[in-house]
Amino acid sequence: MNEPPRLPGGGFSAWNRDRLAVARRGADECGDVWQLEPGVYVAATAEPCEAVLRRSQDFPKAPAPLFPPLKLSSGAPTPEERARAHAARMRGLRAQAVAARIGEIAPRTAQFADQWPADQDVEILPPVRHALAEIGVSYLYSEDAPTLLPFAAQLFLAREVLVRPSRWAWPRWIPTPARRFRTRQQVAFIDALRPIVRRRRSTGRLGDDMLGQMLRPSPRYGLLPEEAVLDTLPGITVATFETPSRAAGWILLHLARHPRAADRVAAEAALLPADPAATTSTHLDSLRYTQALVREVLRLYPPSWLLTRRATRQTELADYTIDAGSTVLVCPYTAHRDAREHAEPDEFQPERWLDDSGSPAKPGVFLSFGTGPHGCEGTALAMAMLTLLTAQTARRYHLSEPPGPEPGFQVTTFEGLATVGLRLRATARS
């Protein structure tokens with residue numbers, strides 16, 4: 001068995017001070033799995049990461065939603081109703097459903113590029129987040145999106161406040177100011193959504209969006225109760241744009257730092273229809289290099305770079321016996337830099353995804369959206385949004401970083417890798 005690395009300051013405190021460095025050093029020194037402190041293990045390379053995420057009986061995802069069910073007089077949905085709601089939601093998020101609506105997604109990515117102020121140093125994450133929120137909320141709620149978008153923005157703000165690092169880890173039952181703010185925004189969102197659900201059901205015009213899929217009766221179970229429809233929608237609404245926004249920051253930064261790659265994306269994007277609304281899934285599939293670039297950035301900087309699982313029973317993982325109740329931290333950041341899976345793993349090489357050997361379906365090779373039973377349900381939507389945003393931006397602009405000895409952003413790691421304060425300049429292509 002490998003010896004764990006000596007962590008300065010010990011355990012989680014060192015991890016919190018310099019998470020990426022500790023994770024990478026642990027992977028380099030200790031191999032596939034290493035012990036951070038008693039009862040806490042890190043799965044650091046591709047094979048054990050894949051194993052933990054797929055072994056949902058041994059390592060289930062903790063039931064700790066960011067927007068937990070509200071305490072309602074009518075009663076919260078049962079676990080069975082939540083499972084049915086999840087299945088109904090997935091009908092609107094599966095790859096075929098996303099492919100059918102590419103013509104709705106593409107115009108908003110083109111609008112983002114058109115509205116970028118040229119020849120100015122712009123802090124880019126706020127407008128990226130706004131653009132992706134418009135796309136995501138419109139995808140979920142179609143014509144009702146303008147009503148819900150302001151409430152979705154407040155949900156995102158509540159999330160940011162809630163996950164902000166704190167010196168104290170309060171028990172979940174304590175109503176801290178951040179949790180009370182979260183609940184107020186959650187109630188406001190549901191109060192805005194409830195009349196939309198009732199109107200659609202009363203008129204019979206359910207819609208072809210994700211909400212419409214949830215309102216359709218199941219041949220086996222019939223209609224979902226109203227509370228089951230509303231229960232998980234705050235979380236999925238924020239998820240459609242929060243994680244993609246972090247990823248988009250890294251993608252745009254790489255377009256600025258790798259102009260040849262950006263030129264190749266621009267050449268592909270030049271073949272897209274002049275009218276973005278005419279874009280189809282066939283056009284999206286033709287953006288092979290652009291998709292490879294997006295995937296390569298997500299490999300190097302996975303937005304959800306650290307996932308937590310807790311063992312339900314004693315089991316084996318690599319050289320360790322994991323006791324029931326132990327925590328296993330799954331680290332896609334280090335798994336993606338496993339030299340056994342990726343040649344020159346620290347190098348930016350989009351071409352690695354263009355041949356069969358770089359297939360993201362190969363176990364452990366690509367974990368940015370998770371894998372197994374709890375893989376991200378919005379993968380197809382996120383990839384479509386990010387690919388089209390990248391193509392439309394590179395089609396119009398050369399991107400560059402502001403001059404200076406230091407990068408114009410800060411890397412944050414809490415709850416995901418983000419380029420906070422990222423400033424870029426766009427110069428129109430001739």
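Predicted model: local features only at pLDDT ≥ 70, side-chain atom pairs only at ≥ 80, totals over all residues.
**Overall make-up**

The protein has 430 residues, and 50% of them are buried. Its secondary structure consists of 17 helices and 11 strands. Among contacts in the protein with a separation of 6 or more, 74% are between residues 24 or more positions apart. The accessible surface is about 20100 Å². Carbon and sulfur atoms account for 52% of that surface.

**Cysteines**

A search of the whole structure gives 0 disulfides. Cys-49 takes part in none, and the nearest cysteine sulfur to it belongs to Cys-331, 6.7 Å away. A disulfide requires the two sulfur atoms to lie within 2.5 Å.

Are these two cysteines buried or exposed? Cys-49 has 0% relative accessibility and therefore counts as buried. Cys-331 also counts as buried, because its relative accessibility is 0%. The cut-off applied here is under 20% relative accessible area.

**Glu-50 in helix H3**

Helix H3 covers residues 46-54 and includes Glu-50. With a relative accessibility of 9%, Glu-50 falls under the 20% limit, so this residue counts as buried. Which residue does the side chain of Glu-50 contact? Its partner is Arg-54: the two side chains make a polar contact at 2.5 Å. Glu-50 is thus a buried residue with a side-chain polar contact to Arg-54.

**Aromatic residues and charges over rings**

How many aromatic pairs are there in the model? The count comes to 10. Such a pair of rings is described by the distance of the centres and the angle of the planes. One aromatic cluster is formed by Phe-112, Trp-116 and Tyr-397.

Arginines also lie over the faces of tyrosine rings, as in the two cases tabulated here.

| Charged residue | Ring | Distance from the ring centre |
|---|---|---|
| Arg-101 | Tyr-139 | 4.2 Å |
| Arg-337 | Tyr-301 | 5.5 Å |

Both distances meet the cut-off for a charge over a ring, which is within 6 Å of the ring centre. For Arg-101 the ring is that of Tyr-139, and for Arg-337 the ring is that of Tyr-301.

Key. Residues numbered from 1 in each chain as written. Heavy atoms only, no water. Buried < 20%, exposed > 50% of the residue type's maximum accessible area, 1.4 Å probe, protein only. Helix = DSSP H or I, 4+ residues; strand = E, 2+ residues; numbered from the N terminus. Polar contact = N/O pair within 3.5 Å; in protein donor to acceptor, adjacent residues only side chain to side chain. Phe/Tyr/Trp six-rings, centres within 6.5 Å; stacked < 30°, edge-to-face > 60°. Lys NZ or Arg CZ within 6 Å of the ring centre and 35° of its normal. Contact = heavy atoms within 4.5 Å. Areas by Shrake-Rupley, 256 points an atom, 1.4 Å probe, with all protein chains shown as cover.
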